[in-house]
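This briefing concerns a single protein chain, shown below. The points after it are grouped by topic.

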Amino acid sequence: MVHDPRMQSRWSDAHAREFVARYAAHGEDLALRVYTSRLIGEDQDLVLHGGGNTSVKTMQRDALGRSVRCLCVKGSGADLVAVEPAGLPALELEPLLALRSLSSMSDEAMVAELRRRLLDPNAPNPSVEALLHAFVPHRFVDHTHADAILALTNQPDGERLVQQALGKDAAILGWIFPGFPLAKAVDELVTKQPNVRAIVLMQHGIFTFGDTAKESYERMIEFVDRAERFVVARTGAVPAMLRGEPAPLPHAERQRALAAFLPVLRAVAPIDAAPVEKRMHVVADVRSHDELAAFSAHPDAAALCATGPITPDHVIRTKGRYLFVPRAAMTDRDALQRAVHDYFAWYRSYFESCAKPLGAPLMLHPMPCVAVVEGCGLVALAPSMRAASIAADIAEHTLKVWAQGSALSRYVPLPERELAAMEYWPLELKKLGKQSKPHLAGRIALVTGAAGAIGFACAKALLDNGACVMLVDRDGDRLAAAASRIAPSSRSVRTFVADLTDEAQVHAAFDACSLAFGGVDDIVLSHGIAHVSKLAEMDPLRFDAVMAANAKATMLALKESARVLRLQGTGGSVVIQVSKNAFAPGAGFGAYSASKAAALQLGRIAALEFAEFSARVNMVNADAVFGDHETPSQLWAEVGPDRMKARGLDADGLRAFYRDRSLLKRTVTPQHVADAVLWLIAHAHATTGAVVPVDGGIAEAFPR
Ligand SMILES: [Zn+2]
């Protein structure tokens, strides 16, 4: 987390030429603007997740083909790391410059004026700092929230430290609210001091300028490098709080403690007394590497959690304060609940005294977004993994800057009144975008047999509806293939290879799910193997293997489900694939039919027992689900050849045979099964102990 203090320019003439060629249609200026914007976006010590902004003043063509002098500035909330020319909308520059004569301007008027000057009326909203970019005379302007700069600005003696670190060619502005007031202040400063090469905004970040893309970018690197060297010379490469005295929990113990604690945290943090089906659910992104664990174990950690963000842009992702969880509260639910209640009480009073007077109509949900867990590290909580990961990334950098700030002298946050103005600023809240919440937002599912046809379809249905999904299978290669097919590189999907007949491995799979996402709500048991043999020829060892894989593994998974669901106390559900054979067994299929009947009975017992902690258990009876060529059914790969031989059919004939023997005469697909599973999990809130056939209609398999 703490880097070698030599921030280096990553400008490459060859790469710059590539961008100019790739974006030739947009002109060289904009192409190079895209290039260095991405260089900045790629460095998390400079900007994080949509933070910072960049611009270039250049000629663009309007609808009539006339060449117009424009400001191309980053769209509000866009991420520099992946910016495209369209993400830097062009505004006619002259009318913007005319606004310099105004002494004040409301946010609404400013936003309307910015939109009016867009060459493309469908372009995204320009950054709230667009006027600042316009007023600075240099062609290229770069703005970041660099960690090293913030370590200096958030100090009691910050201005002096910044000046000492950066030298005379950087100017300093005290905290000024973003938008028109800040643009005016920068304009006045640049007019008075035309030779200044950078402006540091106290408790906010840094602007650099230049007449070429390279010059402006390299000035950013140069000034941030000066700040880094200055900080490191005083705090050491690793500041005291991250050095591990007192020592945090050893790594393995940390993981064990977190696996047991996280399900409780995600249940308690949203304090929500709604019925289980209406509760707000959150997922957790856990960061527990050594430096973060060291920070969390330090005696100053709790006080720093009650300070505030390193730059106010972060407040919409992490809230102002972090929840500190003392070691004792990790194993004491009541103590944790008290800590969360204290956090709520703080947030409510902060809202009443700081946000309400500004006209904020409604309090945002007061849940803590980041918890620092003593001796273990940090946990970010949000209704989606994406939002949790953004908060966790920000929190990692925040802890580092807090540690550096403490080592320099004392970390000083922006006053809460200013922070509230930012948190409840309509232009800032817009950055979060329209948040349509998928049905299973914040829910966590664990799917066994996830590399198989039915398990895969169920996992995909749950993921598509907003759940995080842990894919479990005993076949590592097929599991990896399934994961890459379901959602390559999604943070909402993880895999775990486990033989579910082994209790320790089942336990490890559930712990892995808790560490990856915070707990588990919905468990879909789709594992299973088949064996074809008449009783007269049955190999007892094969029989044992089938019973272990289908019945014992189900028992062990239910046992673990009970442990985690009870710990969370927020309901949840289990769905078990028990097959039509549980009701309508087939000759030569004794081991499978008996093991599935056992699984069915275990499911019914679980329904009786899990109701105590509001969890539901239901079964699905599928039949003749062959899957497709991408995810063929393993069961039919095993059973099919024998059935074909017995009936004198080829593969297509066998499928047709099973289709035509059903009442509805239709092929049952993995998607049909997934639809039933999804309904049981997401909608059947008053259903437990039920068996839902998904078999096209087989009269002898009607549940009874
Ligand atoms: Zn900023």
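Which residues of β16 are buried on one side, and which on the other? In this predicted model, S573, V575 and Q577 are buried on one side of β16, while V574 and I576 are buried on the other, and both faces of the strand are thus covered.

**Pairing and crossover with β15**
- Strand β15 (residues 522-525) pairs with β16 in the parallel sense, over 4 bridges.
- Opposite S573 of β16 stands D522.
- Together with helix α21 (residues 540-568), β15 and β16 make a right-handed β-α-β unit.

**Pairing and crossover with β17**
- Strand β17 (residues 616-622) also pairs with β16 in the parallel sense, here over 5 bridges.
- M619 in β17 is the bridge partner of I576.
- Helix α22 (residues 590-610) carries the chain from β16 to β17, and this β-α-β crossover is right-handed.

**The chain as a whole**
- The secondary structure of the protein chain consists of 25 helices and 18 strands.
- Its radius of gyration is 30 Å, close to the 27 Å that the globule rule gives for 704 residues, so the chain is as compact as a globular protein of that length.
- The C-alpha trace spans about 100 × 65 × 45 Å along its principal axes.
- Buried residues make up 58% of the 704 in the protein chain.
- Among contacts with a separation of 6 or more, 75% are between residues 24 or more positions apart.

How values were computed: Residues are numbered from 1 along each chain as its sequence is written. This is a predicted model: local features need pLDDT of at least 70, side-chain atom pairs count only at pLDDT 80 or more; totals for chains, interfaces and linings use all residues. Side-chain values use heavy atoms; hydrogens and water are left out. Buried means under 20% relative accessible area, exposed over 50%, partly exposed in between (1.4 Å probe, protein chains only). Helices (H or I, at least four residues) and strands (E, at least two) are DSSP runs, numbered from the N terminus. Two strands pair if DSSP finds at least two bridges between them. A crossover is right-handed if, with the strands pointing away from the viewer, the path from the first strand over the helix to the second runs clockwise. The radius of gyration is taken over C-alpha atoms; the globule rule is 2.2 Å times the number of residues to the power 0.38. Contact means heavy atoms within 4.5 Å.
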